[in-house]
Amino acid sequence: MHVYAAPEAGARIEAMDIDAPELSGSEVLIDVTHSGVCHSDVHCREGFFDLGSAGKLPLSASGVTYPAVFGHEIVGTVAAAGPDAKVRPGDEKFIVFPWIGCGKCQACREDRENYCPQGRNLSVQLNGGYAEQVWVPDERYLIPLGDLDPAWGATLACSGVTSYSAVNKVLPRGADDTIAVIGAGGVGLMAVALLHALGHRRIAAVDVNDDNLAAARELGATVTFNSRADDPVAGLVEAAGGRLSAAIDFVNNGATASMAMRALEKGGTLVSVGLFGGEHTYPTTVLALNLISILGNFVGSLPELKALVELAKSQDLPRLPISERPMSAEAVNEALDALEQGRATGRTVLTN
């Protein structure tokens with residue numbers, strides 16, 4: 001199989017060939033037609049996650065072996081299937097659910113595979129979609145694309161389901177409650193679009209890039225705020241017309257988490273999503289007195305992705321900007337570089 005992989009931690013992506021798998025049971029081999037580029041793959045290429053004063057979490061601690069093939073926003077067609085699979089090679093396109101668990105633990109039995117402590121996620125423990133083909137351990141992880149645009153459909157497998165899961169952790173809210181989306185990159189823009197599509201109308205988008213904020217307004221944000229301000233907490237509260245009912249932090253570094261916590265109203269909720277790293281401090285007494293809730297969010301479950309796909313098929317959801325490029329090692333590296341350097345707006349999707 002021809003893939004685009006990191007030969008070691010911290011290395012740039014290279015083209016190479018690996019052995020194709022022998023298929024058994026309900027395993028499937030997918031011809032990748034579209035593969036989205038996600039910011040978490042920047043961290044994967046770096047080879048670690050930033051834990052602030054706790055140091056760095058090496059990607060190898062998550063079960064990654066090298067060469068490693070990243071990419072987890074995958075659409076493609078069935079190239080081959082195991083003897084027990086019902087799908088067969090054909091023209092139908094599928095969205096691939098990449099957040100795969102062990103299949104045996106309590107979380108997996110409850111269809112919450114993204115909570116599995118022994119995850120086998122595509123692009124981390126298993127090879128991902130920066131490739132001509134990708135192995136998927138069971139056909140149950142294939143969701144029919146239908147008439148959805150395949151480039152946009154690919155993004156639903158990560159930026160879409162991550163946003164959908166995070167948004168569902170703060171909805172429903174009252175008509176006068178402001179929900180802030182911090183970080184208006186690809187995932188944050190999807191959250192703005194979903195909040196708007198699900199009927200919420202007081203949406204504050206927060207970013208350091210005015211182009212991203214303009215894109216957020218196009219997708220339904222009613223307030224935009226550039227957090228490069230001298231006093232970002234006071235500025236955000238003023239721009240939002242009062243304290244926040246909830247904040248979804250798609251950056252989640254020390255500065256953004258601290259800003260969000262201090263801008264929340266009594267009883268407010270912070271959903272921490274981003275993996276940019278760092279830490280923050282907050283008075284524990286105030287946390288209790290103000291009844292603040294802090295929730296972590298790691299992508300979403302298979303049922304959530306299926307629900308999102310059905311929502312996308314039944315409603316004309318606003319779409320984040322997408323740039324398509326032919327897949328190559330150079331294209332993968334350039335797309336990851338743009339994300340790392342803050343030059344990307346929306347999503348890049350690579351095509352075979």
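**Arg45 and its partners**

Let's start with a pair: Glu340 and Arg45 form a salt bridge, with their closest N and O atoms 3.3 Å apart. By salt bridge I mean a side-chain nitrogen of Lys or Arg within 4 Å of a carboxyl oxygen of Asp or Glu. This pair links distant parts of the chain, Glu340 in helix H10 and Arg45 in helix H1, 295 residues apart. Helices here are DSSP runs (H or I) of at least four residues, numbered from the N terminus.

A word on the source. This is a predicted model, where local features need pLDDT of at least 70, side-chain atom pairs count only at pLDDT 80 or more, and totals for chains, interfaces and linings use all residues. Residues are numbered from 1 along each chain as its sequence is written, and side-chain values use heavy atoms, leaving out hydrogens and water.

Is Arg45 buried or exposed? Arg45 is buried, at 6% relative accessible area. Glu340 is partly exposed, at 40%. The cut-offs: buried is under 20% relative accessible area, exposed is over 50%, partly exposed is in between (1.4 Å probe, protein chains only).

Next, Asp337. Asp337 also forms a salt bridge with Arg45, closest N and O atoms 2.8 Å apart. Asp337 sits in helix H10 (residues 329-340), 292 residues from Arg45. Both Asp337 and Arg45 are buried.

What else does Arg45 touch? Beyond four places away in sequence, its contacts (heavy atoms within 4.5 Å) include Ala9, Ile13, Phe70, Asn333 and Leu336.

Last, the total. The structure holds eight salt bridges.

Note on methods. Helices (H or I, at least four residues) and strands (E, at least two) are DSSP runs, numbered from the N terminus.
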